[in-house]
Every structure is written in C-alpha cells, then in structure tokens.
Amino acid sequence: VQAISADTRFGCAYEAAVILATAVIAAAGYRSKGAGHHRTTFEALPIALPGAESRTDAHYFDRCRRLRNEFSYEAAGIVAAHDLEDLLVRVHEFRNRAAAEIEANFPGVWK
C-alpha cells in the first residue's frame, strides 16, 4: 500500500523475512527464541539451509534488522525507496527458496 510509510512497509517486509527464516529453521529441526531471536534466526539460517545464497540472505537480512531497529527505536523516516524495493525483491526470492526447501522436507505442507 503506497499510503503507508516506507519505514512501515520495510518493517512488514522484514517481518516476512523473519517468519520465512523461522519456518526454514523449524523445518530443519531447530528453533530460535528469546531475546535477540531475530539475530539468532539469521545466524542459524545458513545452518538450516546450507549454501552461498543462504549465507548472503542471512547477512543481508541481518543488515535489514539493524535498519529496522534504527527506525523502530531511534528515528523515523530513514528508509530510502531503493532500500525498500531491494528488500521487497529479496524477500520474494527468499520466499520461493524457503517454499521449495520446506516442500522438499514436508510435502504438501506449503500451500
């Protein structure tokens, strides 16, 4: 929704990345919880989903976590349009990989 601020849209897309990463980690038999679980989730992602793409995703989403923390706790209006668009594309691509991984391990679960 274009009427929503870039910060809020970024935050929603970031949360989607966290949820997807959490699902991939759960499908691999792991769980991330407690204080700092977003950071831990992205640290665990390359373990749950081995490969260079997962390492790149984990690093990228962790940078997004820091930006999200900044606009959530320190200053508003800091997300640039290109940062938002890049995150939207990256989350969509990650969703496709997450779905494939989960479907491979648990056929019929991802719908």
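Trainee: Is Arg-68 buried or exposed?
Mentor: Please bear in mind that this is a predicted model. Arg-68 has a relative accessible area of 15%, which is under the 20% cut-off, so Arg-68 counts as buried.

Trainee: Where does Arg-68 sit, and what is it in contact with beyond its neighbours within four places in sequence?
Mentor: Arg-68 belongs to helix α3. Leaving aside those neighbours, Arg-68 is in contact with Phe-10, Tyr-14, Glu-15, His-38 and Tyr-73.

Trainee: How do the axes of α1 and α3 cross?
Mentor: The two axes come within 10 Å and cross at roughly 140°. That angle makes α1 oblique to α3. The crossing of these two helices is left-handed.

Trainee: Which residues make that contact?
Mentor: On the α1 side they are Asp-7, Phe-10, Gly-11, Tyr-14, Glu-15 and Ala-17. On the α3 side they are Phe-61, Cys-64, Arg-65, Leu-67, Arg-68 and Phe-71. By type, the contact of α1 with α3 divides into seven nonpolar residues, one polar and four charged.

Trainee: Now to α1 and α2: what is the geometry there?
Mentor: Helix α1 covers residues 6-27 and helix α2 residues 37-48; their axes come within 9 Å and cross at roughly 50°. This makes α1 oblique to α2. The crossing in which α1 passes α2 is left-handed.

Trainee: And which residues of α1 and α2 make the contact?
Mentor: From α1 there are Tyr-14, Glu-15, Ala-17, Val-18, Ala-21, Thr-22, Val-24 and Ile-25. From α2 there are His-38, Thr-41, Phe-42, Ala-44, Leu-45 and Ala-48. The contact of α1 with α2 consists of 10 nonpolar residues, three polar and one charged.

Trainee: Which residues of α2 are buried, and what covers them?
Mentor: The buried residues of α2 are His-38, Thr-41, Phe-42, Ala-44, Leu-45 and Ala-48. Their cover includes α1, α3 (52-73) and α4 (81-105).

Trainee: Let us take Ala-48 from that list. What is its relative accessible area?
Mentor: The value for Ala-48 is 8%, so this residue is buried. Ala-48 lies in helix α2. Leaving aside its neighbours within four places in sequence, Ala-48 is in contact with Val-24, Ile-25, Ala-28 and Glu-101.

Trainee: How far apart are the C-alpha atoms of Ala-48 and Glu-101?
Mentor: Those C-alpha atoms are separated by 9.8 Å, while the two residues are 53 residues apart along the chain.

Trainee: A change of topic: how many aromatic pairs does the structure hold?
Mentor: There are five aromatic pairs. One of them is formed by Tyr-14 and Phe-42, whose ring centres are 6.0 Å apart.

Trainee: Why is that pair described as edge-to-face?
Mentor: The planes of the two rings are at 65°, and planes over 60 degrees apart count as edge-to-face, so the pair falls in that class.

Trainee: Which parts does this pair tie together?
Mentor: Tyr-14 lies in helix α1 and Phe-42 in helix α2, so the pair ties together parts that are 28 residues apart in sequence. Both Tyr-14 and Phe-42 are buried.

Trainee: Which residues do ring pairs link into a cluster?
Mentor: The cluster consists of Tyr-14, Phe-42, Tyr-60, Phe-61 and Phe-94, linked by ring pairs.

Technical notes. Residues numbered from 1 in each chain as written. Predicted model: local features only at pLDDT ≥ 70, side-chain atom pairs only at ≥ 80, totals over all residues. Heavy atoms only, no water. Axes fitted to C-alpha atoms, helices over the stretch in contact; angles between N-to-C directions. Parallel < 35°, antiparallel > 145°, perpendicular 65-115°, else oblique. Left-handed = near helix turned anticlockwise from the far one by under 90°. Contact = heavy atoms within 4.5 Å. Nonpolar A, V, L, I, M, F, W, Y, C, P; charged D, E, K, R; others polar. Phe/Tyr/Trp six-rings, centres within 6.5 Å; stacked < 30°, edge-to-face > 60°. Buried < 20%, exposed > 50% of the residue type's maximum accessible area, 1.4 Å probe, protein only.
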